[in-house]
Amino acid sequence: MIRLQQLCKCYQLGDEPVQALDHVDLEIGAGEYLSVMGPSGSGKSTLLNMLGLLDTPDSGRYWLDDIEVSALGEEARAAERSRRIGFVFQAYHLIERLSARENIELPLVLTGNAPDERRARVDELLQRLGLDRHADHLPNQLSGGQRQRVAIARAVIRKPALLLADEPTGNLDSHSGQGVIELLEELNGEGITLVMVTHDPAMGKRARRRLWMQDGKLIKDEQDAHA
Ligand code: ADP
Ligand code: ADP
């Protein structure tokens with residue numbers, strides 16, 4: 001599903017060049033569940049942003065479902081991103097003046113889906129995620145765990161094949177965090193490819209495949225044996 005070949009990204013921090021990604025090779029199959037771990041500044045978020053087509057490499061190539069996305073222009077890349085990829089961030093990034101329902105619905109509004117279809121799909125997700133009683137609440141009326149569930153619902157409302165999560169439990173207590181992880185894992189169980197950046201070893205260990213980064217390099221790729 002995903003193939004990265006010799007991907008490089010350099011940032012300029014003042015006078016200092018920083019090699020955020022240093023010749024990264026990686027293949028990910030459809031339906032896999034990966035965690036990405038490593039010290040702060042090792043390139044985890046940069047890798048996730050590359051996978052999510054939020055950032056472009058300086059060199060190297062990226063194929064997503066047989067499309068060489070690293071060769072696409074800005075507009076085509078944005079189209080692939082919204083069709084194939086969902087994002088979940090540590091800080092939720094919900095729109096504060098929209099209700100839970102309106103936040104979840106937003107990607108469907110942007111693609112011009114009909115109102116009754118939008119409503120049906122949002123209702124189904126709200127129910128599944130245990131948020132139906134909170135549909136009309138604003139983000140500031142929700143707990144952290146509920147906000148992150150709304151953000152996850154928004155990320156998957158268009159049924160992306162790839163779900164990217166950057167420290168999705170970073171702002172949550174362990175109980176709420178556990179619920180969020182279980183929800184992500186349930187979605188992965190239904191076939192969505194899940195890549196999660198975490199600095200929490202206990203969270204990272206739950207993934208069947210675990211990557212470690214250091215100084216922009218992939219230094220370890222560890223996989224559970226399959227039954
Ligand atoms: P991690 O997610 O592992 O903490 P990042 O991918 O965020 O690491 O960052 C990797 C390196 O790239 C760090 O040294 C960071 O300072 C640098 N970096 C990341 N994004 C930018 C940016 N937009 N501008 C300048 N430097 C950046
Ligand atoms: P979750 O497990 O979804 O994170 P919590 O255990 O954090 O939920 O919260 C339990 C209940 O307390 C929730 O149903 C929520 O309505 C309420 N609650 C928690 N935090 C807040 C808040 N900041 N504002 C309003 N209600 C809150």
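This report walks through a predicted protein model, from its overall build to a few single residues.

## How to read the model

Residues are numbered from 1 along each chain as its sequence is written, while chains are lettered from A and ligands numbered from 1 in the order in which they are written. Because the model is predicted, local features need pLDDT of at least 70 and side-chain atom pairs count only at pLDDT 80 or more, whereas totals for chains, interfaces and linings use all residues; side-chain values use heavy atoms, leaving out hydrogens and water.

## The whole chain

Let's start with the big picture. The protein chain has 7 helices and 10 strands; helices (H or I, at least four residues) and strands (E, at least two) are DSSP runs, numbered from the N terminus. Its radius of gyration is 18 Å, close to the 17 Å that the globule rule gives for 227 residues, so the chain is as compact as a globular protein of that length. That radius is taken over C-alpha atoms, and the globule rule is 2.2 Å times the number of residues to the power 0.38. The C-alpha trace spans about 45 × 45 × 40 Å along its principal axes.

Of the 227 residues, 47% count as buried. Here, buried means under 20% relative accessible area, exposed means over 50%, and partly exposed lies in between (1.4 Å probe, protein chains only). Among contacts (heavy atoms within 4.5 Å) with a separation of 6 or more, 69% join residues 24 or more positions apart.

## Helix H5

Helix H5 covers residues 144-156, which makes 13 residues. From first C-alpha to last it reaches 19 Å, close to the 18 Å expected at 1.5 Å a residue; the expected span is 1.5 Å times one less than the number of residues.

H5 is mostly covered, with 10 of its 13 residues buried. Among the buried ones are Gly145, Val150, Arg154 and Val156. The buried residues pack against strand E6 (85-89), helix H3 (100-110), helix H4 (115-128), strand E7 (162-166) and helix H6 (174-189).

## Two pockets and a cavity

On a 1 Å grid over the protein atoms alone, a cavity is a set of points where a 1.4 Å probe fits but cannot get out, and a pocket is an open set with protein on both sides within 12 Å along at least five of seven lines; lining residues have an atom within 4 Å of a point. Grid points are joined across faces, edges and corners, and a volume is the space filled by probe spheres set on the points. The largest pocket holds about 480 Å³ of space. Of its 18 lining residues, Ile85, Gly86, Phe87, Pro107 and Arg154 are the closest to the centre. Helix H2 (74-84), E6, H3 and H5 are the elements that each give two or more residues to this lining. By class, the lining has 10 nonpolar, 4 polar and 4 charged residues; Ala, Val, Leu, Ile, Met, Phe, Trp, Tyr, Cys and Pro count as nonpolar, Asp, Glu, Lys and Arg as charged, and the others, Gly among them, as polar.

The second largest pocket has a volume of about 250 Å³, and H4 gives the most to its lining, with 4 residues. Including Lys159 and Pro160, that lining has 6 nonpolar, 1 polar and 5 charged residues. A search of the whole structure also finds 1 cavity of 30 Å³ or more. The largest cavity has a volume of about 60 Å³, and Met50, Thr56, Tyr62 and Arg77 are among the residues that line it.

## Residues in the loops

Lys159 counts as exposed, at 63% relative accessibility, whereas Pro160 is buried at 8%. Leaving aside neighbours within four places in sequence, Pro160 is in contact with Arg83, Arg84, Ile85, Gly86, Ala155 and Ile192. Pro160 and Gly86 are 74 residues apart in sequence, yet 5.9 Å apart in space, C-alpha to C-alpha.

Most residues other than glycine have a negative phi. Lys159 has a positive phi, near 55 degrees, and Asp65 has a positive phi near 50 degrees. Asp65 lies in the loop between strand E4 (59-64) and strand E5 (67-68) and is partly exposed, with a relative accessible area of 32%.
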